Amino acid sequence: MVDAARARKLADRIQQIVAEMLERRIKDPRLGFVTVTDTRITNDLRDATVYYTVYGSDGERAETAAALESAKGVIRSEVGRKTGVRHTPSITFVMDSLMENAAHIDDLLAKARAKDAEVARAAQGAAPAGEANPYREPPSAEDLDEDEDLDDLGAAEDGEDGRSGRPSS
């Protein structure tokens, strides 16, 4: 096992080397507009996964994948030469679905904005279903006077001495 910081540095270096090679040295006509987005390497430094995106149609993406697969050996030998590690990692190219995910999220946000606008239009002329102030407030002086009248009424029913007319149990 290797230090995680060393593995990350090596992955960053591999990403730079691969991007530079795709830009300058690989002259395959099938290679489209490729961007290397990320590189990850295993803890034993044996396998590197290079994530990339391609701007274009599905056909161009398939052609680019085939071009990268055919150039894998040249890229791996250049990575080994420029990094100087004892064992050159095997390289796997994986299409990064970052752009598709971003487009999907944009679509979902647009739908949410449309629903919010619809709810706002429906709520423009609406009034609350309950009272204007649904929260309890402390009793006012008028409410207290009414409570005293109710207490007097209850005392009259019980009798003058405060005992009720019911037999005690």
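Does T88 count as buried or exposed, and at what relative accessibility?

The model is predicted: local features need pLDDT of at least 70, side-chain atom pairs count only at pLDDT 80 or more, and totals for chains, interfaces and linings use all residues. Residues are numbered from 1 along each chain as its sequence is written, and side-chain values use heavy atoms, with hydrogens and water left out.

View A. T88 counts as buried, at 18% relative accessibility (buried: under 20% relative accessible area; exposed: over 50%; partly exposed in between; 1.4 Å probe, protein chains only). Neighbours within four places in sequence aside, T88 contacts R76 and G80 (contact: heavy atoms within 4.5 Å). Helices (H or I, at least four residues) and strands (E, at least two) are DSSP runs, numbered from the N terminus.

**View B. The one aromatic pair of the structure.** The ring centres of Y52 and F93 lie 6.4 Å apart with the planes at 75°, so the arrangement is edge-to-face (rings of Phe, Tyr and Trp, its six-membered ring, pair if their centres lie within 6.5 Å; planes under 30 degrees apart are stacked, over 60 edge-to-face, the rest tilted). Y52 belongs to strand β2 (residues 47-55) and F93 to strand β3 (residues 90-95), 41 residues apart. Y52 is buried at 4% relative accessible area, and F93 is buried at 13%.

**View C. The largest nonpolar core, with 25 residues.** Such a core is a set of buried Ala, Val, Leu, Ile, Met, Phe, Trp, Tyr and Cys residues joined through side-chain atoms within 4.5 Å. V18, L22, I41, I75 and F93 have the most contacts inside the core. Its largest share, eight residues, comes from α1.
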